[in-house]
Amino acid sequence: MDATDIVLRVLGAFFTFAGYVATRAILTSLLVDRAIAAIGATAPPRGQTSRAIWLLCVSNVVLLGGAALLLGLKLASYLFAASVVLQSVYFFIAAPRYFDRTDAPDAKGRSRSTNAFIIYTLATGFILWAHSRDALADAGEVPVPAIALVSGVLALHTGYVLRSVWQILSPSSPSEPAGPDV
């Protein structure tokens with residue numbers, strides 16, 4: 001295991017954790033937005049809901065990319081590149097043209113998001129460089145138990161996210177509590 005492999009594994013662990021934390025934060029924010037709308041007897045803001053769904057998708061791509069990188073898979077480079085593209089679309093097209101029109105972003109929060117995007121893009125460049133140097137492996141070169149374990153955890157996480165979004169966005173009867181255990 002050389003320095004490049006160690007850096008790749010650390011990046012994988014970091015972005016797996018970051019994707020998980022971001023997913024939880026977005027689910028919590030979505031739940032709070034829905035609760036505030038219910039308290040005010042108003043319709044939930046469509047722009048905020050759309051933004052949350054977009055960010056949930058991107059956060060899960062980050063998590064998947066991190067997990068693939070943790071395993072040392074070439075798939076990670078594709079997931080990281082896809083995430084950079086999705087984040088670019090968000091920052092340069094979707095946010096200014098759609099999401100920010102109805103709900104202007106907090107300047108401090110947007111600055112932090114932009115900085116995180118820059119760091120993520122630099123990490124992606126490193127991962128793509130490592131891929132070009134054959135530092136990442138095909139799925140057949142990684143032990144099956146490792147892939148099975150990570151795949152199982154990712155499947156559970158995906159099920160949790162889908163269930164949570166379903167619970168948050170679906171109307172519930174008055175006798176049932178709304179929202180997941182976020």
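Predicted model: local features only at pLDDT ≥ 70, side-chain atom pairs only at ≥ 80, totals over all residues.
Residues are numbered from 1 along each chain as its sequence is written, and side-chain values use heavy atoms, with hydrogens and water left out.

The protein chain holds 5 helices and 0 strands, where helices (H or I, at least four residues) and strands (E, at least two) are DSSP runs numbered from the N terminus. Along the sequence this gives the pattern α-α-α-α-α, and the C-alpha trace spans about 60 × 35 × 20 Å along its principal axes. Of the 182 residues in the protein chain, 36% are buried; here buried means under 20% relative accessible area, exposed means over 50%, and partly exposed lies in between, with a 1.4 Å probe and protein chains only.

Rolling a probe the size of a water molecule over the atoms shows where empty space is left. By kind, the lining of the largest pocket divides into 20 nonpolar, 7 polar and 6 charged residues, where Ala, Val, Leu, Ile, Met, Phe, Trp, Tyr, Cys and Pro count as nonpolar, Asp, Glu, Lys and Arg as charged, and the others, Gly among them, as polar.

Side chains of opposite charge can pair when their charged atoms come close. A search of the whole structure finds 2 salt bridges, a salt bridge being a side-chain nitrogen of Lys or Arg within 4 Å of a carboxyl oxygen of Asp or Glu. In one of them, the side chains of arginine 9 and aspartate 5 meet at 3.3 Å, N to O, and because these two residues are 4 residues apart in helix 1, they are separated by about one helical turn. Arginine 9 counts as partly exposed because its relative accessibility is 26%, whereas aspartate 5, with a relative accessible area of 13%, is buried. In another salt bridge, the side chains of lysine 74 and aspartate 138 meet at 3.7 Å, N to O. Lysine 74 lies in the loop between helix 2 and helix 3 and aspartate 138 in the loop between helix 4 and helix 5 (144-169), so this pair ties together parts that are 64 residues apart in sequence. Aspartate 138 is partly exposed, with a relative accessible area of 39%.

Helix 1 also holds isoleucine 6, which counts as partly exposed at 44% relative accessibility. Together with Met1 and Val10, Ile6 makes a nonpolar surface patch of about 350 Å². Such patches are made of residues with over 30% relative accessible area and no salt bridge, with nonpolar side chains (Val, Leu, Ile, Met, Phe, Trp, Tyr) joined within 5 Å and like charges within 9 Å; accessible areas come from the Shrake-Rupley method with a 1.4 Å probe, and for residues only the protein chains shown count as cover.

Serine 29 is likewise in helix 1 and is partly exposed, with a relative accessible area of 37%. From serine 29 to threonine 49 the separation is 20 residues in sequence and 9.6 Å in space, C-alpha to C-alpha. In helix 3 lies phenylalanine 92, which counts as exposed because its relative accessibility is 59%.

Most residues other than glycine have a negative phi, and most peptide bonds are trans. Alanine 41, in the loop between helix 1 and helix 2, has a positive phi near 55° and counts as exposed at 71% relative accessibility. Aspartate 134, in the loop between helix 4 and helix 5, has a positive phi of about 60° although it is not a glycine, and with a relative accessible area of 60% aspartate 134 is exposed.
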